[in-house]
Amino acid sequence: MKNYRSIHKSIPFSFVINKSEFIGNCKFVETEEEALEFVDSIKTKYSDATHNCSAYIIGEDKLIQRFDDDGEPSQTAGIPILEVIKKEDLTNVCVVVTRYYGG
């Protein structure tokens, strides 16, 4: 088994930019099914949000990499989330960024 970097625990965070609120959630996942379940749970929790964009990387060799812009302009939300995960050299992690549009 290889050593790899992931997250230890999930702590939601939020901030406001130009009157839009962004809420970030992440979770340790080991399968694509777990990642999709997490994304669905966040979409349910924040069902009134404008967008719930997501990205995840799974596996020691990082072979599973997916993203979703959830209605934001193509490749403006999911890919940047995925790129941050890659830059931090993480795997077995799913990140969902919720946006409440504020003007």
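**Figure 1. Ring pairs join Phe 13, Phe 15 and Phe 22 into a cluster.** The model shown is predicted; local features require pLDDT of at least 70 and side-chain atom pairs count only at pLDDT 80 or more, whereas totals for chains, interfaces and linings use all residues. Residues are numbered from 1 along each chain as its sequence is written, and side-chain values use heavy atoms, with hydrogens and water left out. The structure holds 3 aromatic pairs. Rings of Phe, Tyr and Trp (its six-membered ring) pair if their centres lie within 6.5 Å; planes under 30 degrees apart count as stacked, over 60 as edge-to-face and the rest as tilted. The ring centres of Phe 13 and Phe 15 are 6.5 Å apart and their planes lie at 5 degrees, so this pair is stacked. Phe 15 also forms a stacked pair with Phe 22, at 5.6 Å centre to centre and with 20 degrees between the planes. Phe 13 is partly exposed at 43% relative accessibility, and Phe 15 is partly exposed at 39%. Phe 22 is buried, with a relative accessible area of 18%. Buried denotes under 20% relative accessible area, exposed over 50%, and partly exposed the range in between (1.4 Å probe, protein chains only).

**Figure 2. The largest pocket holds about 230 Å³ of space.** On a 1 Å grid over the protein atoms alone, a pocket is an open set of points with protein on both sides within 12 Å along at least five of seven lines, whereas a cavity is a set of points where a 1.4 Å probe fits but cannot get out; lining residues have an atom within 4 Å of a point. Grid points are joined across faces, edges and corners, and a volume is the space filled by probe spheres set on the points. The lining comprises 14 residues, and Phe 22, Cys 53, Ala 77, Ile 81 and Val 97 lie nearest the centre of the pocket. At least two lining residues come from each of β1 (13-17), β2 (20-28), β3 (51-58), α2 (78-87) and β5 (93-100). Strand β2 gives the most, with 3 residues. Helices (H or I, at least four residues) and strands (E, at least two) are DSSP runs, numbered from the N terminus. By class, the lining has 9 nonpolar, 3 polar and 2 charged residues. Ala, Val, Leu, Ile, Met, Phe, Trp, Tyr, Cys and Pro count as nonpolar, Asp, Glu, Lys and Arg as charged, and the others, Gly among them, as polar.

**Figure 3. The second largest pocket holds about 200 Å³ of space.** Its lining consists of Ile 7, Phe 13, Cys 26, Ile 81, Val 84, Ile 85, Glu 88, Leu 90, Val 93, Val 95 and Val 97. Helix α2 and strand β5 each supply at least two of the lining residues. By class, 10 are nonpolar, none is polar and 1 is charged.

Figure 4. Cys 53 is in no disulfide, and the nearest cysteine sulfur, that of Cys 94, is 12 Å away. Cys 94 is likewise in no disulfide; the nearest cysteine sulfur to Cys 94 is that of Cys 26, 8.9 Å away. Cys 53 is buried, with a relative accessible area of 4%, and Cys 94 is buried at 0%.

**Figure 5. Ser 54 lies in strand β3.** This residue is buried, with a relative accessible area of 4%. Leaving aside residues up to four places away in sequence, Ser 54 touches Val 39, Arg 66, Phe 67, Asp 68, Gly 78, Ile 81, Val 95 and Val 96. Contact means heavy atoms within 4.5 Å.

**Figure 6. Lys 43 is placed in helix α1 (residues 32-45).** Lys 43 is partly exposed, with a relative accessible area of 27%. Beyond residues up to four places away in sequence, Lys 43 touches Asn 52, Asp 68 and Asp 70. Lys 43 and Gly 78 are 35 residues apart in sequence and 15 Å apart in space, C-alpha to C-alpha.

**Figure 7. Lys 19 has a positive phi, near 70 degrees, and Asp 89 has a positive phi of about 60 degrees.** Most residues other than glycine have a negative phi. Lys 19 lies in the loop between β1 and β2 and is exposed at 67% relative accessibility. Asp 89 lies in the loop between α2 and β5 and is partly exposed at 39%.

Terms used
Disulfide = S-S within 2.5 Å.
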